Amino acid sequence: MFVVTEAEAAAIRAAFDRGGELSDAVELRRLFPGVTDNTQARECARTIAGWKPLSVKPRLGRLPGKKP
């Protein structure tokens with residue numbers, strides 16, 4: 001198991017856009033040297049390349065120092 005930051009996901013998506021599935025697997029293995037199996041790297045990279053960045057929603061609630 002590993003955690004992927006948005007910057008790492010963007011790098012993997014960019015590698016996929018430039019060179020396809022093999023390129024994103026190579027990028028994933030560069031970022032995460034613990035992933036040694038090429039098949040696993042390709043599956044993980046394919047999943048990550050398909051992610052869409054999360055939209056940031058404004059938090060609803062009271063402002064600090066304000067009383068309800």
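Which residues does V4 touch, not counting residues up to four places away in sequence? In this predicted model, V4 touches A9, F32, I48 and W51 when residues up to four places away in sequence are not counted. The protein chain holds three helices and zero strands, and its elements run α-α-α from the N terminus on.

**Chain as a whole**

- Of the 68 residues in the protein chain, 26% are buried, and the accessible surface comes to about 5,600 Å², of which 58% belongs to carbon and sulfur atoms.
- Among the contacts in the protein chain with a separation of 6 or more, 44% are accounted for by residues 24 or more positions apart.

**Nonpolar core**

- The largest nonpolar core has eleven residues in all, namely V4, A9, I12, A25, L28, F32, V35, A41, C44, A45 and I48.
- Helix 1 (6-19), helix 2 (21-31) and helix 3 (38-49) are the elements that give two or more residues to this core, and helix 3 gives the most, with four residues.

**Helix packing**

- Helix 1 and helix 3 pack with their axes 9 Å apart and at an angle of about 100°; because angles of 65 to 115 degrees count as roughly perpendicular, the two helices are therefore described as roughly perpendicular to each other.
- On the side of helix 1 this contact is made by A9, I12, R13 and F16, and on the side of helix 3 by A45, I48 and A49.
- The axes of helix 2 and helix 3 come within 8 Å and cross at roughly 105°, which makes helix 2 roughly perpendicular to helix 3.
- Where these two helices meet, helix 2 contributes E21, D24, A25, L28 and R29, while helix 3 contributes N38, A41, R42, C44, A45, R46, I48 and A49.

**Aromatic pair**

- A search of the whole structure finds one aromatic pair, formed by F2 and F32, with 4.6 Å from centre to centre and 35° between the planes, so that the pair is classed as tilted.
- F2 lies in the segment before helix 1 and F32 in the loop between helix 2 and helix 3, so the pair ties together parts that are 30 residues apart in sequence.

**Two residues of helix 1**

- E8 lies in helix 1 and touches V3, L31 and F32, not counting residues up to four places away in sequence.
- E8 and I48 are 40 residues apart in sequence, and their C-alpha atoms are 9.3 Å apart in space.
- A15, which also lies in helix 1, is buried, with a relative accessible area of 4%, and it touches G20, S23, D24 and E27 when residues up to four places away in sequence are left aside.
- A15 and A49 are 34 residues apart along the chain, and their C-alpha atoms are separated by 8.8 Å.

Key: Residues numbered from 1 in each chain as written. Predicted model: local features only at pLDDT ≥ 70, side-chain atom pairs only at ≥ 80, totals over all residues. Heavy atoms only, no water. Core = buried A, V, L, I, M, F, W, Y, C linked by side-chain atoms within 4.5 Å. Buried < 20%, exposed > 50% of the residue type's maximum accessible area, 1.4 Å probe, protein only. Contact = heavy atoms within 4.5 Å. Phe/Tyr/Trp six-rings, centres within 6.5 Å; stacked < 30°, edge-to-face > 60°. Areas by Shrake-Rupley, 256 points an atom, 1.4 Å probe, with all protein chains shown as cover. Axes fitted to C-alpha atoms, helices over the stretch in contact; angles between N-to-C directions. Parallel < 35°, antiparallel > 145°, perpendicular 65-115°, else oblique.
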